[in-house]
Amino acid sequence: MGWWDFLTSDVHELVVLLAGDVVIVVAALMVVAAAAGAYKGCALGRMPREVTVSLLDGVKVMTRRGRMRQAVERCRGGDTLAAATTLARAGQLPAAEEVVANCIAKGGELDASCASAMIQGFSRIGKVARAEAWVNQLWAAGSAVSVGAFNVVVLSWIKAGEIDAAARCASRMVRERVPVEPGSYRALVHAMASKGEVGAAEEWLSKMEKAGVPADSSTLSSFISALAKADDPPKCAKWLQHFLDLGHICPTILANTVINAAAQAGDLPKAEALFHQLAERGTEFDAITYSSVINACAKSCDAEKAQAWFRAMEAAGLTADTVTYTSVVSACAHASELDLAEQWLQKMREAGVATHRITFNSVLNACAKTGDMARAEQWFCSMHDANVAPDIVSYNCMVNACARAGDIEAAQRWLQRMEESGTTPDATTYNSVINSCARVGDVAGAELWIQKMVDAEVKLDAVAFSSVINSCAKAGDIARAEEWVLRMAASGVQGDGAEYNTLIAACARSGEIGRAEKWLEVMQKQGALSNTTTFSNMINACARAGDVRRAEEWFERMRDAGVERDVITYTSLINCCAKAGDAQAAEKWYSAMVQAGFEGNTATFNSMINACAKAGDIDRAECWLKKMQEASIQGDTITYSTIITACARAGQHFRAERWFQALHEAGLEGDTISYNSVISAFARAGKVEKLEELQARMRAAGVVCDTVTHNIVINACAKVGKLDAAERALQEMHDQGIKSDVITYNSVINACSRAGDYGKAETWLERMISSGIRPNTITYTSVISACVKGGALSRGEHWVSRMEETGVQGNRVTFSCLVSGFAKQGDLDRAGYWYQRIRDVGSVPTTGVFNAVIGACAAAGKPAEAEEWFQEMERLRVDPDGGTFSGVSRAWSKARRPDKAAEWQSKCSWYTAGRWGR
């Protein structure tokens with residue numbers, strides 16, 4: 001018998017009655033407590049059900065009226081976990097946790113119903129960590145966690161934006177084989193896609209399908225949109241196809257997203273293919289869809305297709321808006337069809353569509369890129385006519401147009417106009433002008449605008465520094481470029497390493513390998529990543545210096561640095577071998593390139609052809625051109641010019657002409673270099689009459705005859721003694737405004753020298769000096785030679801004095817002219833003086849010089865002196881020839897010593913028979 005049996009039925013009824021009134025429910029609890037206390041060893045959990053229910057109903061009402069503390073304090077018996085569940089469902093979570101704690105302290109066990117109420121309660125108020133803690137507590141108690149509880153936590157984490165936590169919780173569900181509800185899967189994929197976490201979204205989408213949960217249209221749309229925005233075309237195409245294979249019809253908004261992604265990437269074929277693919281599957285398109293495709297046309301500079309798609313849009317009954325018209329105008333502008341762009345702008349106005357500054361800016365930008373200042377100004381004025389206010393982009397386009405046209409003053413005027421309009425120039429504005437100076441190597445101009453940028457308190461960025469560094473590099477001023485690199489580092493501006501590559505390339509162009517290596521070391525210390533360009537520049541530096549071994553070392557160091565080699569790197573190394581004329585090494589590296597899986601390009605084959613040409617192996621060069629054609633690689637003008645030059649150097653002018661003809665048959669237009677190559681071939685062969693014909697063809701083709709062209713012609717005329725033709729060619733240069741150089745004047749003065757016309761030689765030398773071109777040793781030597789040939793030896797000596805007064809030093813050839821000249825006149829003293837001048841410059845006279853002096857001794861009948869000069873030859877180890885022995889023999893004959901003459905004549909015979917030796 002239980003303790004309840006001691007109570008009368010009246011007490012029983014009283015308790016039920018009291019418990020039904022919330023005001024005096026405490027009294028009911030006290031009665032129960034008193035009755036319980038009256039019975040020794042009673043079990044509190046054994047009250048009859050009707051009493052328990054009455055008490056709990058009272059507790060529920062008290063809970064709703066905010067009297068939880070009283071309920072907790074008084075609830076000493078009954079089903080306390082049920083009471084805690086009620087509190088949790090009412091949102092009174094701390095009180096519920098306290099009840100549960102009391103229950104567990106008294107030996108009770110947490111059940112799934114109570115834990116679920118706690119989990120849902122904490123999830124509702126956003127305390128997901130507490131909710132997950134109750135999941136863990138229930139799990140630790142060995143009770144099964146309900147599917148609903150787990151999914152509530154997953155969804156709550158997602159709602160709180162804690163996607164990683166949601167994924168962790170869902171992963172635990174999968175691991176513990178608790179089914180993840182479809183809603184949780186979809187919410188998780190949606191959330192990950194929205195955050196751009198496409199990899200994680202794809203993983204959960206795969207798990208979802210593996211679990212047998214079908215991917216709905218909304219979930220897949222969200223994921224595919226994320227892929228499109230993440231610029232992952234292959235995966236986007238794969239999942240879109242999967243979407244369609246499941247029988248879903250692609251919604252317009254998703255179609256717009258994927259087509260726009262292709263458009264933004266400038267992939268017109270992809271955008272068009274998607275449009276047609278989705279159209280076949282029943283997707284309905286709107287104006288945005290067509291505008292996206294037209295935008296792809298604009299980015300691809302395809303004005304014709306942009307117009308075609310515009311017409312297709314109209315045929316579909318859709319109305320074009322500002323965006324659509326702007327895309328068509330941009331397409332025309334990007335294709336440099338500015339007249340067409342203007343027509344579409346007019347159509348836009350006639351259609352009553354509001355023009356936007358973006359429309360005008362796209363055209364202004366096109367004008368700027370071509371440097372068309374006049375057209376840009378017209379469009380800028382059109383903006384005002386259309387009541388469209390220009391913005392900073394508009395003004396920047398105008399400044400950029402002036403800068404690209406090289407009109408820095410106009411750029412400055414637009415800057416001033418920009419400021420007067422209340423628009424503040426930004427870094428882009430100044431960088432346009434700085435970059436313009438850099439393109440032409442105007443270091444002073446670039447530095448001036450850098451200072452103006454600083455004065456305007458516009459922060460110098462990496463673009464500004466890189467531009468001025470580039471201007472120094474283009475001007476060949478490496479020291480100044482180095483200063484700006486250091487200033488950039490000191491100012492804390494972080495570049496992408498391009499500034500170091502520019503500097504290394506400048507060192508490479510000047511062949512300063514050590515300097516290039518030093519800056520590569522600095523680059524690596526600064527943490528800038530060296531790339532393929534960096535190492536290619538280093539290899540090019542070695543190429544300039546003709547150091548193949550060092551280039552190969554850098555090629556290996558590139559591998560050690562973990563930088564991938566590409567066809568450019570291999571081509572740089574092959575080019576290094578080509579410059580050194582090492583065709584065998586070039587072929588070795590070409591084979592290595594092919595084995596590495598790379599295919600040669602035009603530059604690669606050109607380097608191979610050049611390697612063979614430099615080695616004088618024309619047949620091998622022609623073989624490489626054939627291989628190039630077999631690889632379906634189109635040769636360019638450089639390809640053919642290289643072979644033509646090789647033929648010219650070998651004196652094979654007919655072969656050179658044949659390859660020049662092949663150049664035209666390949667559909668290529670000859671340029672100045674190719675024409676100069678074939679002209680040089682005929683010039684070397686002395687075919688002067690052919691040169692005029694080739695020059696005429698050159699002019700007819702619209703190819704400029706440059707300084708090199710005229711120099712080749714003048715030099716050819718000089719070599720065959722056609723002084724008048726040489727002078728005429730030089731006069732033509734001046735008449736056509738073609739700049740002459742030291743080679744030009746040297747060639748015509750050489751023609752005068754060959755003709756022995758020292759008067760004209762002197763005249764051309766004076767004209768050369770007055771034109772600001774500094775004569776060199778070759779120039780003065782040619783004039784002195786002309787004087788010697790004309791018999792004006794004193795004039796020759798005069799020009800030696802003039803030469804030395806200008807700081808130009810004579811050489812062996814210079815003084816040899818005077819030795820020979822005075823020897824022919826029989827002036828052995830002056831000949832001896834100029835011989836000594838040859839020795840003073842550290843040179844050894846040639847056999848011809850000694851023969852001239854010995855001949856003079858013979859003419860003067862001075863055999864002893866002739867023999868002394870022969871002994872001088874032997875002392876200096878200058879090989880005599882037949883003329884030397886004959887000269888000494890004649891000297892003895894003149895002195896009437898036939899015996900000695902015969903002796904020297906026999907020596908001459910020995911020499912002729914090859915039996916002479918020291």
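This briefing covers a pair of helices, a single helix and one glycine. The model is predicted. Helices α39 and α40 come within 9 Å of each other, axis to axis. Glycine 821 sits in another helix, α47.

**Helices α39 and α40**
- Two packed helices are described by the angle between their axes and the distance between the axes.
- Helix α39 covers residues 672-684, and helix α40 covers residues 688-700.
- Their axes cross at roughly 170°.
- Angles over 145 degrees count as roughly antiparallel, and α39 and α40 are therefore roughly antiparallel to each other.
- On the α39 side, the contact includes Tyr675, Ile679 and Phe682.
- On the α40 side, it includes Leu691, Leu694 and Met698.
- The residues of this contact divide into 8 nonpolar, 3 polar and 2 charged.

**Helix α50**
- Helix α50 runs over residues 863-875, which makes 13 residues.
- At 1.5 Å a residue, α50 should span 18 Å.
- Several residues of α50 are buried, among them Pro863, Trp869, Phe870 and Met873.
- Glu867 and Glu872 are buried too.
- Just after α50, arginine 877 takes a positive phi of about 60°.

**Glycine 821**
- Helix α47, which holds glycine 821, spans residues 812-824.
- Buried means under 20% relative accessible area, so glycine 821, at 5%, counts as buried.
- Glycine 791 is 30 residues away from glycine 821 in sequence.
- In space, the C-alpha atoms of these two glycines are 7.6 Å apart.
- Leaving aside residues up to four places away in sequence, glycine 821 touches Val788 and Leu793.

Technical notes: Residues numbered from 1 in each chain as written. Predicted model: local features only at pLDDT ≥ 70, side-chain atom pairs only at ≥ 80, totals over all residues. Heavy atoms only, no water. Axes fitted to C-alpha atoms, helices over the stretch in contact; angles between N-to-C directions. Helix = DSSP H or I, 4+ residues; strand = E, 2+ residues; numbered from the N terminus. Parallel < 35°, antiparallel > 145°, perpendicular 65-115°, else oblique. Contact = heavy atoms within 4.5 Å. Nonpolar A, V, L, I, M, F, W, Y, C, P; charged D, E, K, R; others polar. Expected span 1.5 Å × (residues − 1). Buried < 20%, exposed > 50% of the residue type's maximum accessible area, 1.4 Å probe, protein only.
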